[in-house]
Amino acid sequence: MTGALLTAERLDKTYGPTPALSGASLTIRAGEVVAVMGPSGSGKSTLLHCLAGIVRPDAGTITYDGRELTALSDGARSALRRTDFGFVFQFGQLVPELTCVENVALPLRLAGERRRSAEARAAEWLARLEVDDVAGKRPGEISGGQGQRVAVARSLVTAPRVLFADEPTGALDSLNGEKVMGLLTDAARDTGAAVVLVTHEARVAAYSDREIVVRDGRVRDTAVVA
Ligand SMILES: Nc1ncnc2c1ncn2[C@@H]1O[C@H](COP(=O)(O)OP(=O)(O)OP(=O)(O)O)[C@@H](O)[C@H]1O
Ligand SMILES: [Mg+2]
């Protein structure tokens with residue numbers, strides 16, 4: 001394991017009168033899988049969105065790979081998100097009009113890759129997530145668990161250095177959830193991607209190298225998972 005890849009220092013973020021983050025600090029090392037736990041409303045999603053450059057904190061700094069993310073222009077942050085970060089959310093992230101293989105190929109197509117090679121790579125990722133059988137179907141024609149696997153394939157197809165996942169198995173039953181988590185963490189470990197994973201479930205957190213707890217907008221404690 002190498003040094004810090006992504007560091008947040010004393011982040012503050014309020015939504016109107018509501019504090020979401022109050023001095024949150026955190027370091028993610030290259031290739032590590034970190035589970036972010038904590039009660040509902042404690043600031044987990046806000047922390048993830050700040051780390052990913054989707055939400056700008058009111059105060060504090062975020063440094064990614066030696067660059068201060070919080071000092072970049074919106075355009076530069078978007079470009080960095082496309083090349084270096086992957087995302088999986090709880091649900092609803094696939095484009096309904098596209099087939100599964102087209103969904104997975106989409107980030108490559110947006111980066112300018114030709115259709116044939118993009119879809120070939122997408123098909124490999126679908127096979128790796130064990131959903132190659134739904135390649136030609138649209139998201140409305142597959143199960144929730146299959147949809148999440150397709151979303152995981154799409155998040156990893158660009159070989160991101162950091163994968164952000166916000167309750168990626170929250171809408172699945174526990175058996176499917178564990179299967180998706182196992183595939184997600186194996187794939188991330190194979191490609192060397194760091195994973196920042198928000199979850200409510202201790203069983204999901206067991207797939208991580210390290211667990212952190214967010215309370216009242218602050219990272220309260222950290223523990224290494226045995
Ligand atoms: N877009 C928003 N507008 C207004 N308030 C928000 C917004 N997003 C979050 N909040 C508030 O900020 C606080 C932290 O929210 P956040 O979504 O980060 O919590 P969370 O830990 O992810 O919760 P959950 O486990 O329920 O997903 C909460 O009080 C929430 O109501
Ligand atoms: Mg949340």
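**Figure 1. Pairing of strands β1 and β2 in the predicted model**. Strand β1, residues 4–15, pairs with β2 in the antiparallel sense, and nine bridges link the two strands. One of the bridge partners is Leu21 in β2, which faces Lys13 in the pairing. The hairpin of β1 and β2 has two residues between the strands. Within this hairpin, Gly16 takes a positive phi near 60°.

**Figure 2. Pairing of strand β1 with strand β4**. β1 also runs antiparallel to β4, which spans residues 59–64. Five bridges join β1 to β4. Asp12 has Ala59 in β4 as its bridge partner.

**Figure 3. The shell around ligand 1**. Ligand 1 is surrounded by Tyr15, Thr18, Ala20, Gly38, Ser40, Gly41, Ser42, Gly43, Lys44, Ser45 and Thr46. Two elements give two or more residues to this shell, namely β2 (18–29) and α1 (44–51). The largest share, three residues, comes from α1. By residue class, the shell divides into two nonpolar, eight polar and one charged.

**Figure 4. Helix α3 and what covers its buried residues**. Helix α3 covers residues 100–110. Its buried residues are Cys100, Val101, Asn103, Val104, Ala105, Pro107 and Leu108. The cover over these buried residues includes α4 and α5, the latter spanning 144–156. After α3 comes Gly112, whose phi is positive, near 100°.

Figure 5. Is Ala123 buried or partly exposed? Ala123 has 17 other C-beta atoms within 10 Å, whereas a buried residue needs 20 or more and an exposed one has 12 or fewer; Ala123 is therefore partly exposed. Leaving aside neighbours within four places in sequence, Ala123 is in contact with Val101, Asp132 and Ala135. Glu113 is ten residues from Ala123 along the chain, and the C-alpha atoms of the two are separated by 15 Å.

Key
Residues numbered from 1 in each chain as written. Chains lettered and ligands numbered in written order. Predicted model: local features only at pLDDT ≥ 70, side-chain atom pairs only at ≥ 80, totals over all residues. Near = placed C-beta within 6 Å. Helix = DSSP H or I, 4+ residues; strand = E, 2+ residues; numbered from the N terminus. Nonpolar A, V, L, I, M, F, W, Y, C, P; charged D, E, K, R; others polar. Contact = placed C-beta atoms within 7 Å. Pairing = 2+ DSSP bridges.
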